[in-house]
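We'll go through how the chains meet, then some local details worth a look.

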Amino acid sequence: MIKGTVIIDRDICKGCELCIVACPQESLGLSKQININGYRFAELVQDNCTGCVNCAIVCPDVAITVYRQPKSALKKAV
Amino acid sequence: MDVPTTLNGYELIYKKPSTLTEKPFHYCPGCGHSVVHRLLMEVVEEMGIQEQTVGVAPVGCSVFAYDYMDIDMQEAAHGRATAVATGIKRILPDKFVFSYQGDGDLAAIGTAETIHAVNRGENILMIFINNAIYGMTGGQMAPTTLLNQVTSTSPYGRNKEAMGYPIKITELLAQLPGAYYVSRHAVYTVNAVRKLKKAIEKSFAYQKLNRGTCFIEVVSNCPSGWKMTPVESNKWLEANMFPQYPLGDIKIPKD
Amino acid sequence: MEQEKTTNNEARLMKGNEALAEAAIRADIDAYFGYPITPQSEVLEYFTNEMPKRHGIVLQAESEVAAINMIYGAAGAGGRVMTSSSSPGISLMQEGISYIASAQLPCLIVNVNRGGPGLGTIQPSQGDYFQATKGGGHGDYHLIVLAPSSVQEMADFVFDAIRLAEKYRNPAMILADGALGQMMEKVVLPQEGSLPKVSKPWATVGKPASRKRNIITSLFIEPEKMEVINLGLQEKYKQIQSEVRYEEIALDDADIALVAFGLSARICQKVVDLGREKGIKVGLLRPITLYPFPKSALNKIADKVNFMLVVEMNAGQMVEDVSLAANGKCPVYFKGRMGGMIPSPEEVFAELMSIIEKQSVTQD
């Protein structure tokens with residue numbers, strides 16, 4: 001399966017959890033820490049992100065940047 | 001903000017559009033407003049029309065919409081966004097003009113301006129955020145508040161005898177010959193967001209045809225006003241709002 | 001034919017409302033937004049007739065509320081724009097005018113004043129003096145207010161008002177009345193193209209990469225910022241004082257000064273004639289700008305006259321400003337008619353004579 005990852009801007013995340021619900025891989029969860037605004041923020045909790053972008057699409061705060069393995073890399077691995 | 005285009009050999013596939021400013025959104029956690037802001041600006045970026053777009057912000061929670069969208073904008077008085085947008089479009093007929101309003105703004109205090117802008121077939125895009133409540137002033141009853149819905153000014157639930165019915169203004173507007181494209185959307189799931197973005201893209205493209213008004217309602221949430229978590233609010237929206245405000249196209253161009 | 005119409009500067013016989021509208025087209029306005037109301041509907045009718053043949057946009061809005069907000073949008077987009085209405089309609093516009101004043105958008109608003117309050121009467125009145133000169137809507141602001149007293153000035157002041165509005169980025173108002181709007185007089189119209197367009201770098205016309213975005217707003221939610229905006233507006237109003245205009249008639253040797261604007265000033269001109277015929281040294285000061293108000297001119301006159309008589313078609317509004325200007329240096333009397341009634345020169349003269357009598361009794 002293609003691999004991806006996300007960078008979540010923890011300072012602007014408000015911990016609404018919409019990304020967590022939207023993630024088909026259950027890769028995301030809420031942190032135990034709080035950010036500068038007092039919110040628990042979303043973070044990767046499993047290393048199984050596929051870079052499907054769902055989390056970023058529903059994120060109301062545009063806090064998520066998504067990266068994915070290039071398709072060429074995937075072919076090589078196979 | 002510049003983000004690296006690669007990360008440990010991975011390619012960048014989604015980032016914040018450059019047409020949004022650096023300012024973090026002030027909206028409550030989980031609010032749909034900023035998703036719609038972002039989609040508008042994604043479309044503006046992708047169509048390369050930042051220089052040709054002028055927006056009109058309302059009075060309501062999205063009163064500061066112009067703080068986030070990196071385009072020329074005007075802030076209208078409560079309810080008057082479509083009159084302001086009319087003024088702009090008449091002076092700048094070749095520009096893309098959109099108005100952005102909530103339910104109180106568009107369907108209560110601004111009903112006359114709303115109906116007549118559509119009836120004239122103003123070549124603008126009207127975005128209508130319907131979350132059945134006055135969010136900014138603290139959760140009062142809106143024209144679109146559902147029957148029996150509890151708000152701070154319908155504390156025993158909206159009763160039709162005293163407070164009338166939730167207004168389906170979008171269906172009403174679709175009756176007008178000036179309406180070219182009328183569609184109802186939501187931002188509660190990934191697919192819904194994708195569909196809304198398509199509708200916004202179409203509306204901007206239609207604006208160039210000068211065939212009439214494009215009107216998009218977004219049935220949205222208000223976790224703070226509804227007193228729910230964002231995740232709960234999206235479930236409540238699906239169960240309660242959609243039966244009254246069903247999603248989908250209401251009027252599509254005939255040709 | 002068209003060419004002939006726009007460049008012909010021969011004297012013509014025109015209604016005040018039509019002269020105003022024709023002048024606006026010659027002043028190269030980009031758009032007019034309005035709603036019908038007596039006694040100024042001819043303005044909208046003139047535009048709907050002429051604009052399609054010439055240049056510019058005319059739109060009959062669904063209400064005065066919509067019309068003034070279209071003005072906000074169009075002025076904010078850099079257009080040279082105007083609206084017109086009469087008293088009840090101007091009341092409806094007050095919200096939008098307040099926003100326009102705060103957002104500092106140049107535009108022309110014409111009030112062909114009729115009698116009030118309420119639906120009132122369609123006959124002429126000056127009952128909107130307070131509304132026009134003190135702001136009218138909410139918050140601390142002023143319009144630049146010009147008061148014509150002839151059909152010629154109905155036309156000329158369109159140019160003056162637009163020039164001032166654009167110079168100061170401030171809404172300007174022409175405060176006329178139903179009689180000036182409806183009456184026909186000889187008028188020489190201003191030359192088309194004689195009011196060059198000004199650059200408006202603040203307008204929302206679409207943001208090029210080369211500049212920051214332009215925002216037209218009246219919302220400054222932090223009190224520290226709002227106060228800075230307020231102070232800026234007040235500073236602007238101070239500068240606007242230099243634009244004060246007034247007309248002095250027979251005041252050089254006058255013992256008595258009449259003070260009147262607009263239609264009342266025309267009546268008072270006749271009163272000056274009546275007085276002079278009888279050897280009474282009476283003169284007239286006619287404020288042309290009601291905001292800025294000719295305070296210092298009036299203050300100087302108060303030094304040398306026995307009394308002032310303010311004549312208005314209302315219950316006594318400008319008289320308050322005249323009294324403030326006179327600052328106790330001389331008595332200030334008032335003669336007014338309301339309800340659409342126009343005072344006759346004879347009745348004003350009779351009032352003048354009765355004051356003279358009272359004064360001589362007091363002095364004896």
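First, the ground rules. This is a predicted model, so to speak of local features pLDDT has to be at least 70, and side-chain atom pairs count only at pLDDT 80 or more, while totals for chains, interfaces and linings use all residues. Residues are numbered from 1 along each chain as its sequence is written, chains are lettered from A and ligands numbered from 1 in the order in which they are written, and side-chain values use heavy atoms, with hydrogens and water left out.

**How the chains meet**

Which chains share the most contacts? Of the 2 pairs of chains in contact, that is B and C, where contact means heavy atoms within 4.5 Å. Chains A and C have no contact, and their closest C-alpha atoms lie 20 Å apart.

The table puts the two interfaces next to each other. Buried area is the accessible area (1.4 Å probe) that two parts lose on being put together, summed over both. A salt bridge is a side-chain nitrogen of Lys or Arg within 4 Å of a carboxyl oxygen of Asp or Glu.

| Chains | Residues in contact | Buried area | Share from carbon and sulfur | Salt bridges |
|---|---|---|---|---|
| B and C | 34 residues of chain B, 35 residues of chain C | about 2,600 Å² | 60% | 3 salt bridges |
| B and A | 33 residues of chain B, 30 residues of chain A | about 2,400 Å² | 68% | 0 salt bridges |

The area buried between chain B and chain C is about 2,600 Å². On the chain B side, Asp72(B), Gln74(B) and Ile91(B) lose the most area to chain C, together 23% of what that side buries. Against chain A, the area buried by chain B's interface is about 2,400 Å² for the pair. There Tyr10(B), Ile13(B) and Tyr14(B) supply 26% of the area that chain B buries, more than any other three residues.

One packing spans the B and C chains. Helix α3 (residues 81-91) of chain B packs on helix α4 (residues 64-76) of chain C at an angle of about 50 degrees, with the axes 6 Å apart. Helices here are DSSP runs (H or I, at least four residues), strands likewise (E, at least two), numbered from the N terminus. Axes are lines fitted to C-alpha atoms, for helices over the stretch in contact, and angles run from 0 to 180 degrees between N-to-C directions. α3(B) and α4(C) are therefore oblique to each other; under 35 degrees would count as roughly parallel, over 145 as roughly antiparallel, 65 to 115 as roughly perpendicular, and the rest is oblique. The residues in this contact include Gly87(B) and Ile91(B) from α3(B), and Met70(C) and Gly73(C) from α4(C). They divide into 8 nonpolar, 4 polar and no charged. Ala, Val, Leu, Ile, Met, Phe, Trp, Tyr, Cys and Pro count as nonpolar, Asp, Glu, Lys and Arg as charged, and the others, Gly among them, as polar.

The other packing sits within chain B. Helix α1 (residues 33-47) and helix α8 (residues 190-207) of chain B also pack at about 50 degrees, with their axes 10 Å apart. That makes α1(B) and α8(B) oblique to each other, too. Among the residues in contact are Leu39(B) and Val43(B) of α1(B), and Leu196(B) and Phe204(B) of α8(B). This contact divides into 12 nonpolar, no polar and 5 charged residues.

**Salt bridges**

Over all chains, a search of the whole structure finds 38 salt bridges. In one, the side chains of Arg80(B) and Glu95(C) meet at 3.4 Å, N to O. In another, Asp47(A) pairs with Lys3(A) at 3.5 Å, N to O. Asp47(A) lies in the loop between β3 (40-44) and α2 (54-58) of chain A and Lys3(A) in the segment before β1 (4-8), so the pair ties together parts that are 44 residues apart in sequence.

Chain A has 3 helices and 4 strands, running β-α-β-β-α-β-α from the N terminus on. Its C-alpha atoms fill a box of roughly 45 × 20 × 20 Å along the principal axes.

Most residues other than glycine have a negative phi, and most peptide bonds are trans. Val53(A), not a glycine, has a positive phi of about 80 degrees, and its place is in the loop between β3 and α2 of chain A. In chain C, a cis peptide bond joins Thr38(C) and Pro39(C), with omega about 5 degrees; Pro39(C) is in the loop between β2 (31-34) and α3 (41-50). The peptide bond from Gly116(C) to Pro117(C) is cis as well, with omega near 5 degrees, and Pro117(C) is found in the loop between β5 (107-113) and α6 (129-133) of chain C.
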